[in-house]
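Take a first look at the structure below. The report then walks through its parts, one at a time.

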Amino acid sequence: MEAKYGKYVRCDHCNSDRIYIQDKGKNVYRCRRCWEIFSLTGNTYLHRSRSSLRFWYEILWCFVLSHSANKAHKLLGTTRHQQILFPYHTIRRALVNYSDVTWEKEKGVYEADEALYGGKWENLRKRAKALLCEQSQNKRGRGAKERKQPVFGIYKRNGGKVYLRLIDDFEADTLEAIIAKIADKESEIFSDAWKGYNGLVGLGYAHSRVAHGKGEYVSGKVHVNGMEGFWGLSKTNMNTYKGIRKRNWEYYLKEMEFRYNYRGLTFAQQVNKLVEILMRKPNYA
Ligand SMILES: [Zn+2]
């Protein structure tokens, strides 16, 4: 209730505070001013969810503790593990939106870096292998770049937060568009020597680079170690998912972003943060 309304419940329709409780068990209220009925979960990510808030709370704990859907299913005693998958998906969907809406664009020091995610050829599903062979006559080990998923990440030194985005290519236009969304002009941007960053100075950023190719990794305060640290961590975490469908990539990416950005919080605080995120007004646009 606090996450959605603050201290006092207000009408969803006319914002009046003259409300009374219509159905306590279902968290349904009624407004004395416009006489409309509204519920605690209406207009949030839990809209029309048939699960109890208690169940949701338990699910959030499982999510924060990184339990798989199967483990959560056994812990909570649901009849089928699909009953966990759906709420998990709702949480991830909320995270995707939250990250984009609440990023505070400001002047600062940022590290930009790209990475390729994807498992080994040996671990691919049989059908996926056959399909890829057909598509590009791939031999083993060749064309790995096309198969792997490019990801772009920006690390904000002040606060140590990351912002991740799935991309189709590493071209300058793609990277610049994301940087322009994340960092204010005149920010300092550090990156490796990739040519995709060549236009940053022209856009008004102070850009410095380290030449990884020449064995240079740190030069004064110029380095991308913050971002590199995240890649290392996340690729290890990624292994626990045992393969990710392409359409689900963004969701897992934002999940990792959440875990990393709120790593300083206790589990209980992370759960509260998730409550706050889920009680926001959803934006499906
Ligand atoms: Zn009202």
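This is a predicted model: local features need pLDDT of at least 70, side-chain atom pairs count only at pLDDT 80 or more; totals for chains, interfaces and linings use all residues.

Start with helix 3 and helix 4. Ala 69, Ala 72 and His 73 in helix 3 are in contact with Gln 83, Ile 84, Leu 85 and Tyr 88 in helix 4. Five of the residues in this contact are nonpolar, two are polar and no residue is charged.

Helix 3 spans residues 69-76, and helix 4 spans residues 82-102. The two pack at an angle of about 120°. Their axes are 8 Å apart. The crossing of helix 3 and helix 4 is right-handed.

## The chain as a whole

The chain has ten helices and eight strands. It has 285 residues, and 23% of them count as buried. Consider the contacts between residues with a separation of 6 or more: 55% of these join residues 24 or more positions apart.

Strand 4 covers residues 109-117. Eight bridges join strand 4 to strand 5, and these two run antiparallel. Ala 115 has Val 151 in strand 5 as its bridge partner. Strand 4 also runs parallel to strand 7 (residues 188-191), with three bridges joining them. Here Val 109 stands opposite Glu 188, and Glu 111 stands opposite Phe 190. In a regular strand, side chains alternate between the two faces of the sheet.

## Helices across the sheet

Helix 9 has 13 residues. From its first C-alpha to its last it reaches 18 Å, close to the 18 Å expected at 1.5 Å a residue. Its buried residues are Leu 253, Lys 254, Glu 255, Met 256, Glu 257 and Phe 258. The buried residues of helix 9 pack against helix 4, strand 5, strand 6 and helix 8.

## Trp 249

Trp 249 lies in helix 9. How is its setting classed, and why? Trp 249 counts as partly exposed because it has 14 C-beta neighbours inside 10 Å. The cut-offs are 20 or more for a buried residue and 12 or fewer for an exposed one.

Beyond its neighbours within four places in sequence, Trp 249 is in contact with Gln 149, Leu 166 and Ile 244. Trp 249 and Leu 166 are 83 residues apart along the chain. Their C-alpha atoms are separated by 7.8 Å.

## A hairpin in the open

Strand 1 (residues 19-23) lies largely in the open, because the number of its five residues that are buried is zero. Four bridges join strand 1 to strand 2 (residues 28-31). The two run antiparallel. Ile 19 has Cys 31 in strand 2 as its bridge partner.

Strand 1 and strand 2 form a hairpin with four residues between them. Asn 27 is in the turn and has a positive phi of about 55°.

## Positive phi in two loops

Most residues other than glycine have a negative phi. Arg 48 has a positive value, with phi near 65°. Arg 48 sits in the loop between strand 3 (37-39) and helix 2 (53-64). Is Arg 48 buried or exposed? Arg 48 is exposed, because 7 other C-beta atoms lie within 10 Å.

Glu 186 also has a positive phi, about 75°, although it is not a glycine. Which loop holds Glu 186? Glu 186 is in the loop between helix 7 (172-182) and strand 7. With 10 C-beta neighbours inside 10 Å, Glu 186 counts as exposed.

Notes. Residues are numbered from 1 along each chain as its sequence is written. Axes are lines fitted to C-alpha atoms, for helices over the stretch in contact, and angles run from 0 to 180 degrees between N-to-C directions. A crossing is left-handed if the near helix is turned anticlockwise from the far one by less than a right angle, and right-handed if clockwise. Two residues are in contact if their C-beta atoms, placed from the backbone, lie within 7 Å. Ala, Val, Leu, Ile, Met, Phe, Trp, Tyr, Cys and Pro count as nonpolar, Asp, Glu, Lys and Arg as charged, and the others, Gly among them, as polar. Two strands pair if DSSP finds at least two bridges between them. The expected span of a helix is 1.5 Å times one less than its number of residues.
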